[in-house]
Amino acid sequence: MPAGLFRALLTVAGAAAAIVLAIGISSVAIVAAGASPAAAFAAFFDFGASEKAVSTSIADMLNRAVTLFIAGLAVAIGFRMNLFNIGVEGQYRIAAICAAFVGSTFVAPAPIQITVIIIVAAAAGGLYALIPAVMKVTRGVNEVISTIMLNYIAINLAAYLVRGPFAGERAEGQLTTSTPPLPESAWFPNVNVLLEMFGLPAPRGDGLWGFLIVAILLGVGIWLVLERTRFGFEVKASGLNAPAALASGVDPKKMVISAMVLSGAVAGLIGLPELLGDEHAFGSNFTPGLGFLGIAVALLGRNKPAGIAVAALLFGFLDRAQGPLQFADVPPSVITIMQGTIVLLVVIANEVTSRIALRREERRAAQALGRNTPVEVAG
């Protein structure tokens, strides 16, 4: 069997085993909470009794997956460089509030309005990610520490801005504050037609966010950049062995800055699906935690756009079940338990399958050399 096919089958088998184990662990937690595992898992597949409810549930799942997919891409870019960009959470918060405020200050034709908002979001996220990158290459500050601290700054800075300089008018009796509403020219059109193609009616609310198309194009673009360009090769080479990359003419410091800024720019787009497709303003109740979930999605997807897409769909499927779980008298915390155990077990499974694949290659190399024992690998 070819090595590539063997490794792919091992990866799929490891992920499947991890999910089965996660279901078992979650069942124990469900029983401990006094609920029925059968009722809980039936709730996961409860998409509603009517076609309208099914369509709405699918749209909710896909909408959640879109934001998580972009978050996973942002984290994965840093991981390819062996950089742990834990600051995705802060980068998308700063980018979302800047894009929301700038977008509310002018009115232009929809293509121009939306393009400007996307550019502002990417620029804000990239510039905020530039701070830890510069600190790392000039002073050797670990990016994990700097990005975690910058998360706190960004979260509190966004809270200050939305209640202060960037605040819009608040209606009487309204408890939350937000930026001024975006004009209708900034509203990204939905793609409910994709659901209608499968015979489903248009979902309730804002429907299936049109940013889904942008996310797909972004995923293809990131794959091409990282897998099919010189820049992608230099990023990976610098992450694997910076001295060797430097000897071959690649500046590792330049690659650190480039990778972090690109990661931050993609992170800046995380809040746009919700901003342009649903809320149309950045409020004090804007969805939190997407950056941290992006780390889990990237790990689960092994830093590959296709794998990240599958992981995002899985997390979107689990998140969508919060409502049905409550109706089944099952604590919604079960979803968090499942997400955590799946990621933990998949990471372990990836390590195990990588070692199995490596030993298989060692045996094949030993047989090719006419030996009966694996080739010794220098430490």
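**Exercise 1. Which residues of H13 are buried?**

Solution. The model is a predicted one, in which local features need pLDDT of at least 70 and side-chain atom pairs count only at pLDDT 80 or more, while totals for chains, interfaces and linings use all residues. Residues are numbered from 1 along each chain as its sequence is written, and side-chain values use heavy atoms, with hydrogens and water left out.

Step 1. Helices (H or I, at least four residues) and strands (E, at least two) are DSSP runs numbered from the N terminus. Buried stands for under 20% relative accessible area, exposed for over 50%, and partly exposed for what lies in between (1.4 Å probe, protein chains only).

Step 2. Apply them to H13, which spans residues 290-300. Leu 290, Gly 291, Leu 293, Gly 294, Ile 295, Ala 296, Val 297, Ala 298 and Leu 300 are buried. That is 9 of the 11 residues of H13, a helix that is mostly covered.

Step 3. Identify the cover. Contact means heavy atoms within 4.5 Å. The buried residues of H13 are covered by elements including H3, H4 (88-103), H14 and H16.

**Exercise 2. Describe the packing of H13 against H16.**

Solution. Two packed helices are described by the angle between their axes and the distance between the axes.

Step 1. Axes are lines fitted to C-alpha atoms, for helices over the stretch in contact, and angles run from 0 to 180 degrees between N-to-C directions. For H13 and H16 the angle is about 35 degrees, and the axes are 9 Å apart.

Step 2. A crossing is left-handed if the near helix is turned anticlockwise from the far one by less than a right angle, and right-handed if clockwise. H13 passes H16 in a left-handed crossing.

Step 3. List the residues that meet. From H13 come Leu 293, Ala 296, Leu 299 and Leu 300; from H16 come Gln 339, Ile 342, Val 343, Val 346, Val 347 and Asn 350. These residues of the contact divide into 8 nonpolar, 2 polar and no charged. In this division Ala, Val, Leu, Ile, Met, Phe, Trp, Tyr, Cys and Pro count as nonpolar, Asp, Glu, Lys and Arg as charged, and the others, Gly among them, as polar.

**Exercise 3. Which residues does Gly 72 contact beyond its neighbours within four places in sequence?**

Solution. Step 1. Gly 72 is placed in H3. At 0% relative accessibility, Gly 72 counts as buried.

Step 1. With those neighbours left aside, Gly 72 is in contact with Gly 294, Val 297, Ala 298 and Ile 308. From C-alpha to C-alpha, Gly 72 and Ala 298 are 4.5 Å apart in space, although 226 residues apart in sequence.

**Exercise 4. Which residues touch the most other members of the largest nonpolar core?**

Solution. Step 1. A nonpolar core is a set of buried Ala, Val, Leu, Ile, Met, Phe, Trp, Tyr and Cys residues joined through side-chain atoms within 4.5 Å.

Step 1. The largest core has 84 residues, of which Phe 44, Ile 70, Leu 272 and Leu 276 touch the most other members. H3 (residues 51-80) supplies the largest share of this core, 14 residues. Apart from this core lies another, of 11 residues, among them Met 81, Val 235, Val 256 and Ala 259.

**Exercise 5. Where does Arg 302 lie, and what is its phi?**

Solution. Arg 302 is in the loop between H13 and H14. Its phi is near 55 degrees, a positive value in a residue other than glycine. With a relative accessible area of 32%, Arg 302 is partly exposed.
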